[in-house]
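This report looks at a few charged side chains and their surroundings. Please look over the sequence and the model before reading on.

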Amino acid sequence: MATYEEVKDIPNHPEKYLFDVRNESELKETGVLPASINIPLSELEKALNLPEEDFAQTYGRVKPAVDAVLIFSCKAGGRAARAANLASTLGFTNAKAYAGSWTEWQAKQS
């Protein structure tokens, strides 16, 4: 599990990836986590299977290596857990969910 402190420190760790798996409409309502990449859960498998060049072109970052730290966030943690499990199934060895997700982030920012 990823912690609030780890997620807050993501901008200082370009080798780590923070994926927000909420839908775009949700992000417009609430805002975004700093340094996060939005890939809705329904598109995640396709995104993580993209060739490196296509991933970089679509998301503006180099595709993560299979051993890179991948942190997944959503609104309350459910989709983040499913996303981390999916990434693990695809061979990513350091995938984890941010259990508190946006709900915790927002509470600690105020």
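Glu 26 belongs to helix 2; helices (H or I, at least four residues) and strands (E, at least two) are DSSP runs, numbered from the N terminus. The model is a predicted one, in which local features need pLDDT of at least 70 and side-chain atom pairs count only at pLDDT 80 or more, while totals for chains, interfaces and linings use all residues. Residues are numbered from 1 along each chain as its sequence is written, and side-chain values use heavy atoms, with hydrogens and water left out.

Glu 26 has a relative accessible area of 16% and is buried. Buried means under 20% relative accessible area, exposed over 50%, and partly exposed in between (1.4 Å probe, protein chains only). Residues up to four places away in sequence aside, Glu 26 touches Lys 75 and Arg 79; contact means heavy atoms within 4.5 Å. Between the C-alpha atoms of Glu 26 and Ala 107 there are 17 Å, and the two are 81 residues apart along the chain.

Arg 22 sits in the loop between strand 1 (17–20) and helix 2 (24–30). Its relative accessible area is 1%, so Arg 22 counts as buried. Leaving aside neighbours within four places in sequence, the contacts of Arg 22 include Lys 75, Arg 79 and Trp 102. The side chain of Arg 22 also makes a polar contact of 2.7 Å with the side chain of Thr 30. A polar contact is a pair of N or O atoms within 3.5 Å; within protein, one must be able to donate a hydrogen and the other to accept it, and residues adjacent in sequence count only if both atoms are side-chain atoms.

Side chains of opposite charge can pair when their charged atoms come close. A salt bridge is a side-chain nitrogen of Lys or Arg within 4 Å of a carboxyl oxygen of Asp or Glu. The count comes to 6 salt bridges, among them those in the table.

| Salt bridge | N to O distance |
|---|---|
| Lys 16 and Glu 6 | 3.5 Å |
| Arg 22 and Asp 20 | 2.8 Å |
| Glu 24 and Lys 28 | 3.7 Å |

Lys 16 lies in the loop between helix 1 (4–8) and strand 1, and Glu 6 in helix 1, so this pair ties together parts that are 10 residues apart in sequence. Glu 6, Lys 16 and Lys 96 are linked in a network of salt bridges.

Arg 22 and Asp 20 are both buried. Glu 24 and Lys 28 both lie in helix 2, 4 residues apart, about one turn of the helix. Glu 24 is partly exposed at 49% relative accessible area, whereas Lys 28 is exposed at 69%.
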